[in-house]
Amino acid sequence: QVQLVESGGGLVQAGGSLRLSCAASGRTLSSYGMGWFRQAPGKEREFVAAISWSGGGISYADSVKGRFTISRDNAKNTVYLQMNSLKPEDTAVYYCAAGYSVLAGVPDYWGQGTQVTVSS
């Protein structure tokens, strides 16, 4: 089993920045991709960004390209999501995810989520 714990969410004004972190523990994460998804009220959960184990493979949703940056520190078993130029439509619960197929949008493990609210 893999446990994922997110942190860094909060309330920010439009145009501001936040950095989310996700610490992983449990079984070895070797070869696991990690990523972020989000779910806004009344909407389905959607893919945001993902990164391969080596960091050589990265994917972003079109809606966040150029504004969000995903990175990971394997020594710390942690993945980050730097979110800049935030918009009200970025408001959602953000979920960390891990698994072999995260880059394909199909993770095996989920965190509990952290709320991000962007005010206009």
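R38, E46, R67 and D90 are linked in a network of salt bridges, a salt bridge being a side-chain nitrogen of Lys or Arg within 4 Å of a carboxyl oxygen of Asp or Glu. The model is predicted, so that local features require pLDDT of at least 70 and side-chain atom pairs count only at pLDDT 80 or more, while totals for chains, interfaces and linings use all residues. Residues are numbered from 1 along each chain as its sequence is written, and side-chain values use heavy atoms, with hydrogens and water left out.

**Salt bridges**

- The whole structure contains 4 salt bridges according to the search.
- R38 pairs with E46 through their side chains, at 2.6 Å from N to O.
- R38 also forms a salt bridge with D90, where the closest N and O atoms are 2.9 Å apart.
- This second pair links distant parts of the chain, 52 residues apart: R38 belongs to strand β4 (residues 33-39), and D90 to the loop between β8 (78-83) and β9 (92-99). Strands (E, at least two residues) are DSSP runs, numbered from the N terminus.
- A salt bridge also joins K65 and D62, with 3.2 Å between the closest N and O atoms.

**Accessibility of the charged residues**

- Buried means under 20% relative accessible area, exposed over 50%, and partly exposed in between (1.4 Å probe, protein chains only).
- R38 counts as buried because its relative accessibility is 6%, whereas E46, at 35%, is partly exposed.
- D90 is buried, with a relative accessible area of 0%.
- D62 is exposed, its relative accessible area being 65%.

**Surroundings of D90**

- The side chains of D90 and R67 make a polar contact at 2.7 Å; the term denotes a pair of N or O atoms within 3.5 Å, where within protein one must be able to donate a hydrogen and the other to accept it, and residues adjacent in sequence count only if both atoms are side-chain atoms.
- Apart from neighbours within four places in sequence, D90 is in contact (heavy atoms within 4.5 Å) with R38, R67, F68, S85, V116 and V118.

**Nonpolar core**

- A nonpolar core is a set of buried Ala, Val, Leu, Ile, Met, Phe, Trp, Tyr and Cys residues joined through side-chain atoms within 4.5 Å.
- The largest such core has 29 residues, of which L4, W36, L81, M83 and Y94 touch the most other members.
- Two or more residues of this core come from each of β1 (2-7), β3 (18-26), β4, β5 (46-51), β7 (68-73), β8, β9 and β11 (114-119).
- Beyond neighbours within four places in sequence, Y94 contacts residues including W36, L81 and M83, as well as R38.

Technical notes:
Helices (H or I, at least four residues) and strands (E, at least two) are DSSP runs, numbered from the N terminus.
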